[in-house]
Amino acid sequence: METFSSLLSPLRRQRSSRNSVSIYRKAELSEENPSDMTMDMEEEVKPSQVNDLTAMLNKDPQSKRRILTYLLLVSLLLFLVAFLLGYITFRKSCKSCMEMDSECATTMSEDESDYQIYVPQEKELYWDDLHTMLKKYLDKQEIEDNIRKVSEFSHPSGSEQQVVLSRYVYQKLQSRRLNHVWTDSHYVNLPFPNRLSPNFVQLVEGNETRELLELEDEEVYCAYSAQGKATGGLVYAFYGREEDYIRLDEMNVTVKNNIVIVRIGQTSFAEQVAVAQKFGAVGVLIYPDPEDIPQSPRGVGILASTSFNGHVHLGTGDPFTPGFPSFNHTQFPPVTSSALPKILAQPISSKIAKKLMNKLSGRLAPREWRGRLPSTLYYLGPNLKSPGLRVQMGVNNDMKSTMIYNVFGSIEGLQEPDRYIIMGAQRDAWGPGAAKSGVGTAILLELAHAFSEMTMNGFKPRRSLLFASWDAGEFGSVGATEWLEGYLTMMHLKAAAYFNLDRAVLGNDRIVARSSPLLHSLIETVIKQVGDPMLSGQSLYDRVMFHGHTEWIKEVIEPLTMESTTYPFIAFAGVPAMELSFNENNQKYLFLNTKLDTFDALNKKLNLRLSEFSKTVAETIGLMAIKLSHENLLSLDFKVYSDEMLKYLIRLETFSEELQSFTLTLQWLFTARGDFIRAAEHLTNLIKMSNEKDERLNRIYNDKIMRVEFYFLSQYVSATDSPFRHILHGRGNHTLEALFQHFQLLHTQPQSFDESLFRKQLALVTWTLQGAANA
């Protein structure tokens with residue numbers, strides 16, 4: 001700098017001539033002078049350092065080169081400093097992109113939209129990469145914290161606790177930076193206990209009350225039971241199945257106009273009440289027998305005073321708007337579901353059941369019917385030991401119009417954003433509901449978190465991922481079914497599959513799945529790649545095959561039940577669906593549907609490893625969702641339904657001689673199945689010969705694949721009269737099972753066989769199968 005200054009010193013001694021220049025100064029705004037700038041003339045402005053430098057350059061060429069060299073070096077130094085600062089700043093802001101060495105996902109700031117911008121990189125993520133990434137972002141501690149949060153209090157639909165929990169789930173999904181988070185609400189009619197006039201069970205003689213059997217918990221009830229009083233004798237009907245009533249009839253025990261008492265187990269509350277009504281009973285009392293559900297005051301089982309909640313609507317959704325969505329107080333015709341019972345139902349404890357059973361007389365129950373109520377002989381009834389004594393029950397539940405909230409979050413797919421892989425869980429519970437709703441909700445929130453992190457670190461789903469938190473699940477999948485009813489006409493066009501997370505961990509012995517056959521192959525593929533939470537180095541598949549089993553399906557797959565949200569997705573909407581859970585070998589989780597279903601009780605049952613089993617379920621379902629959302633073609637085995645149809649045809653063929661006596665044949669059913677096989681093989685060959693990168697063809701093939709389930713819904717029955725229209729998994733006269741059961745009457749009850757109805761059933765099934773083949 002001294003050299004640079006010495007070069008300028010001769011010029012500083014020179015006096016420049018006077019110059020006149022224009023200088024612009026900023027002036028204050030005023031009415032007289034609206035201009036921002038004023039221009040004044042100044043004289044004797046001293047030459048600047050730049051003027052000196054200009055003179056120097058004009059005077060000495062050698063100095064000119066020297067000054068240019070210095071300027072160039074200074075500029076280069078400044079450029080290097082700026083470049084290094086910018087590079088360091090960029091490295092810090094894109095740390096996750098460097099770690100993944102794949103593609104960088106840039107998101108907008110928190111005060112802006114949640115929409116994510118994907119910047120493609122060269123490296124493509126493969127199956128192992130995605131599996132590793134999923135396991136990395138699933139946090140078992142977060143799962144445990146959310147189970148504790150959800151199951152902290154009882155939170156039935158319509159309660160203040162449920163509203164608070166709805167907000168919590170909504171905020172959690174928002175914090176995961178999903179593309180969209182929203183709610184939809186429905187007004188539904190839900191029954192609740194009447195605290196001013198509670199339900200009761202008592203012994204009466206004439207119009208006199210002899211003994212009031214006080215219910216221990218007035219909040220335990222059967223939702224959708226008929227209202228009023230019922231009086232009669234008492235009949236012990238074992239589990240209340242149809243075969244049990246047939247057995248009672250064979251033993252000349254009268255059920256008609258009497259109240260029946262049945263044990264929990266084998267079948268649902270709704271089925272028990274429906275069958276009792278069919279055989280003429282006027283009321284049903286449902287209790288837990290110690291043989292089925294251990295009871296101990298030391299915590300090994302439930303208390304003798306414990307009773308179980310349940311609903312008795314033999315269906316799903318709001319039974320007062322069957323087939324219609326309950327949106328915005330929409331006015332529908334005054335119609336109720338035909339699956340609502342017309343008789344009374346009430347859960348009772350084993351303590352009250354013991355009192356009632358010890359008052360019975362009549363024939364002694366068969367040995368296999370006898371349970372373990374203390375000091376009880378298990379007489380069948382219907383008469384009581386005291387002449388003239390009868391049982392009376394009263395149900396006074398209130399029906400209330402209730403606002404329920406479903407909460408949704410979604411991650412948009414890149415190639416097919418209008419096709420969805422749906423994951424859902426029930427959020428409400430009559431009790432704390434750790435197993436009933438806590439585990440499923442926690443897994444749902446953690447999957448949303450994991451997939452959000454994955455999309456910001458390279459995962460690019462082709463199809464959208466939808467996360468659904470359902471309300472009013474305790475009343476028969478009301479929230480989920482109302483949503484399905486609202487979008488029924490397009491559901492089969494949009495939803496590729498549904499994964500139900502309810503009751504995901506009920507034990508630690510075996511894996512159970514209830515599923516559409518279309519997903520069986522996917523289940524097998526995934527459980528071979530998920531590690532066993534108890535045995536290091538082994539997969540879930542190894543656990544299934546450990547004891548020398550040769551067919552995993554027989555060990556894992558169980559029949560669909562109406563108690564699961566999986567059921568309406570398959571049987572009502574025609575969407576492939578499944579659920580997966582860990583269960584006990586010999587008995588169900590004891591505290592389900594009681595107020596004893598707490599986090600501590602469930603965690604103790606799992607030997608303090610509840611979070612590990614929950615994470616394993618999350619990993620399994622997450623991998624299935626990745627496979628269906630990421631691959632070009634949907635991993636749905638559409639050919640499998642030909643085998644499912646064959647199972648029924650083989651059963652029906654055993655009646656071929658009887659069919660011929662009615663001039664009927666199964667030829668057209670076999671022909672329809674053959675057409676379906678040929679159509680499936682044709683589609684398979686088209687896929688093999690096509691270019692897997694042809695997006696137009698992939699779209700066409702995927703549309704055909706995802707609609708296979710829908711094509712097995714009978715188009716010849718009303719969705720309001722027979723909502724579960726699936727001919728293989730549904731309920732009603734249009735199903736293959738109903739066809740088989742009706743024809744069996746020729747052997748068991750020939751007088752009940754209806755030839756005209758059978759011909760209609762055979763025609764409906766044949767047309768539906770042929771339609772599926774033609775589609």
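Predicted model: local features only at pLDDT ≥ 70, side-chain atom pairs only at ≥ 80, totals over all residues.
**View 1. The whole chain.** The chain holds 26 helices and 21 strands; helices (H or I, at least four residues) and strands (E, at least two) are DSSP runs, numbered from the N terminus. Of its 775 residues, 52% count as buried, where buried means under 20% relative accessible area, exposed over 50%, and partly exposed in between (1.4 Å probe, protein chains only). The chain exposes about 37,000 Å², and carbon and sulfur atoms supply 52% of this area. Accessible areas come from the Shrake-Rupley method with a 1.4 Å probe, and for residues only the protein chains shown count as cover. Among contacts (heavy atoms within 4.5 Å) between residues at least 6 apart in sequence, 77% join residues at least 24 apart.

View 2. Phe 79 lies in helix H3 (residues 61-93) and is exposed, with a relative accessible area of 54%.

**View 3. Helices H6 and H19.** The axes of H6 (residues 140-150) and H19 (residues 610-630) come within 9 Å and cross at roughly 110°. Axes are lines fitted to C-alpha atoms, for helices over the stretch in contact, and angles run from 0 to 180 degrees between N-to-C directions. H6 and H19 are therefore roughly perpendicular to each other; angles under 35 degrees count as roughly parallel, over 145 as roughly antiparallel, 65 to 115 as roughly perpendicular and the rest as oblique. On the H6 side, Lys 140, Ile 143, Glu 144 and Ile 147 meet Leu 610, Ser 611, Glu 612, Ser 614 and Lys 615 of H19.

**View 4. Helices H20 and H25.** The axes of H20 (residues 641-653) and H25 cross at roughly 10° and come within 10 Å, so these helices are roughly parallel to each other. Tyr 648, Arg 651 and Leu 652 in H20 meet residues of H25, including Leu 736 and Phe 740.

**View 5. Salt bridges.** The whole structure has 41 salt bridges, each a side-chain nitrogen of Lys or Arg within 4 Å of a carboxyl oxygen of Asp or Glu. One of them joins the side chains of Asp 244 and Arg 241 (3.1 Å, N to O); Asp 244 is buried, at 3% relative accessible area, and Arg 241 is partly exposed, at 22%. Glu 271 and Arg 731 form another (2.8 Å, N to O). Glu 271 is in helix H9 (residues 269-278) and Arg 731 in the loop between helix H24 (708-711) and helix H25 (736-748), so the pair ties together parts that are 460 residues apart in sequence.

**View 6. The pair Arg 543 and Asp 532.** The side chains of Arg 543 and Asp 532 meet in a salt bridge (2.6 Å, N to O). Both Arg 543 and Asp 532 are buried.

Terms used
Residues numbered from 1 in each chain as written. Heavy atoms only, no water.
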